[in-house]
Amino acid sequence: MTLTEKILARAAKRKSVNPGDNVWVDVDILLTHDVCGPPTIGIFKKQFGQDAKVWDKDKLVIIPDHYIFTADKYANRNIDILREFAKEQDLPHYYDVGTDRYKGVCHAAMPEEGFTRPGQVLFGTDSHTCTAGAFGQFATGIGNTDAAFILGTGKLWVKVPPTMKFIFEGEIPPYIMAKDLILQIIGDIGVDGANYRAMEFAGDGVMNMDMEGRMTLTNMVIEGGGKNGVIEPDQTTLDYVNARTNTPFEPLFNDADAVYHSVRVYDSKKLEPMVAKPHSPDNKATVTEVKKTRLDRAYIGSCTGGKLSDFVAAAQIIKGNELRIPTYIVPATTLIREQMKTETIDGETIWDIFVNAGCNMGEASCAACLGGPSDTFGRLNGAEVCISTTNRNFPGRMGSKQSAVYLASPYTVAASAVQGTIADPRDYLPVTV
Amino acid sequence: MKETIKGKVFVLGDDIDTDQIIPAEHLVYSLEKEDEKRYYGRYSLSGVPEAQSGLPMGGIPFTPQDKFESEFTIIVAGKNFGCGSSREHAPFSLQVAGARAVVASSYARIFYRNAVDGGFVIPYESFDDISSEFSTHDEVEIDKELNTIRNVTTGKTFPLRPLGDVADIVEAGGIFEYARKAGMIS
């Protein structure tokens, strides 16, 4: 069996499963946030009763992150509903807005808090829940009804997906980032190329990445239609997780005779800096092909492109430069925001590098990645062209239907911010090959 | 269970993502309070670019700007309908607007699952992309027993894939109703 099949078999208390089997699994962690949490709670109460208790309060994680810094009364009411529910159910893992516990984007905060445990099953009411697959966890997005079912029962039915394997052989060139790999893959297979399937990433090009790079890969499997993304746990994984949780877990690995739906092998040294052109994540082009395309804005943030390593990469290029277009910086979590103020390049903090270059600095949250209420930080409110480290560029994703979004790596977005048009990071990195 | 779903058809293209079905800025309304819930009907499919909204002509809103309900009962689209986010508000908004079924050549899996488990709309799969065989406003009829969709306006009939594994959940009206019938929950 593949890693994904083994996790689902164990969670279903079965010796083995095959792709296509429908199984009921025990859930280790359920994640929800401010957009889908309130309706989930509503369904839970309707179905299980006003006084019903959640199946296991230690396994429920609620991280408000979507619409936090807004005057929208309905959005703020959603936070009130979460707060009330956390109090009523005495939930230990609620990260309230306006307190020291506030985190920011759930998918980046989950690993920080030790909830991404190898071999376990995580469901979340957000499509980018698949990010946690980087840790060898089975992790996938679900809707409110399914989440409410889990809240009451701790179980959910799931169809076992076949696994597509993507192997990156050899060392990744220094100007290439994980985002380039996943944009290449999605461009190759299409936005439904992995529909109903697991996407596994392997090879030394992947296993030499730190956890943040691996998370960038698994985060965007949903953009290929994938059910879950997964990477076999190794020492890097275990060191990361063990430093953040004492909860026991048992990692699982691929069997030697695992059967895959398909295997694609990439030669890492041939990889190019990539973009996804408007209006689809599979609308691929190399940066070379779209170089000097006109831009109005650059945006670095989100669960996929707002991690510490993403900002360190961008800062390497932005340091000491003036920017030609308005540039928005949105740390995924409050911890990352703090780390940006201590991590330095040649004595200057990452935070100061951005501030001194004139960037607009935001608070940790999903912010403009998904548009949101009209007062959302960085939102595209008109016919602007933006280059962004986020994960989707469907029509209107970052706000206005008239806007257009290019997706790219932090290196490419930073170089483009300096140049004012789409730029090749190889022309701006301090040390190139 | 009625055997047919009849009504006017609204036609869309490929890869209609959940931001097009219900733009993120509208996800703030209550899904329970009637006076707010109806906004999901008003803004259903409002994120579709104008030229692609109501094919083949385009320029047709699914729900008129000053209304909360759509005149369209059935949506016919191409591949990968409902890709993108996991927001259950998407199939919910189609239901609130008055849609009862979608026919697409394929679905993104979370949308499909949400449509079935929440009992919002029935997600039928066509064998091929049949969207070009329909014009928005055509009268159509889905036969739930024979698994066919007929374009009453043109007289053509097309086969649909059987619902298969999820038929029992669709029949029950959602995962809770199904689990109660099966004795899994009380």
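Strand 7 of chain A and strand 10 of chain A (residues 262-267) run parallel to each other, joined over 6 bridges. To find one of these links in the predicted model, look for A:E169, whose bridge partner in strand 10 of chain A is A:D267.

Strand 7 of chain A also pairs in the parallel sense with strand 8 of chain A, this time over 5 bridges. Here A:M164 sits opposite A:M199 of strand 8. To get from strand 7 to strand 8, chain A goes through helix 6, and this β-α-β crossover is right-handed. Strand 7 of chain A, which spans residues 163-169, is mostly covered, with 5 of its 7 residues buried.

Now hop along to strand 19 of chain A.

| Strands of chain A | Sense | Bridges |
|---|---|---|
| Strand 7 and strand 10 | parallel | 6 bridges |
| Strand 7 and strand 8 | parallel | 5 bridges |
| Strand 18 and strand 19 | parallel | 4 bridges |
| Strand 11 and strand 19 | antiparallel | 2 bridges |

A:I387 has A:Y406 of strand 19 as its bridge partner, while A:V275 stands opposite A:A408 of strand 19.

What about the helices? Helix 8 of chain A (residues 211-219) has A:R214, A:M215, A:T216, A:L217, A:T218 and A:N219 buried. The buried residues of helix 8 of chain A pack against several elements of chain A, including helix 4 (106-112), helix 6 (178-189), strand 8 (198-202) and helix 11 (302-305).

Finally, there's the meeting of the two chains. How many residues of chain A are in contact with chain B? There are 41 residues of chain A in contact with 35 residues of chain B. On the chain A side, helix 2 (37-48), helix 3 (73-89) and helix 5 (144-153) each supply at least two residues. Helix 5 of chain A gives the largest share of that side, 6 residues. Sorted by class, the side of chain A that touches chain B has 14 nonpolar, 19 polar and 8 charged residues.

Terms used
Residues are numbered from 1 along each chain as its sequence is written. Chains are lettered from A and ligands numbered from 1 in the order in which they are written. This is a predicted model: local features need pLDDT of at least 70, side-chain atom pairs count only at pLDDT 80 or more; totals for chains, interfaces and linings use all residues. Two residues are in contact if their C-beta atoms, placed from the backbone, lie within 7 Å. Ala, Val, Leu, Ile, Met, Phe, Trp, Tyr, Cys and Pro count as nonpolar, Asp, Glu, Lys and Arg as charged, and the others, Gly among them, as polar. Two strands pair if DSSP finds at least two bridges between them. A residue is buried if 20 or more other C-beta atoms lie within 10 Å of its own, exposed if 12 or fewer, and partly exposed in between; C-beta atoms are placed from the backbone. A crossover is right-handed if, with the strands pointing away from the viewer, the path from the first strand over the helix to the second runs clockwise.
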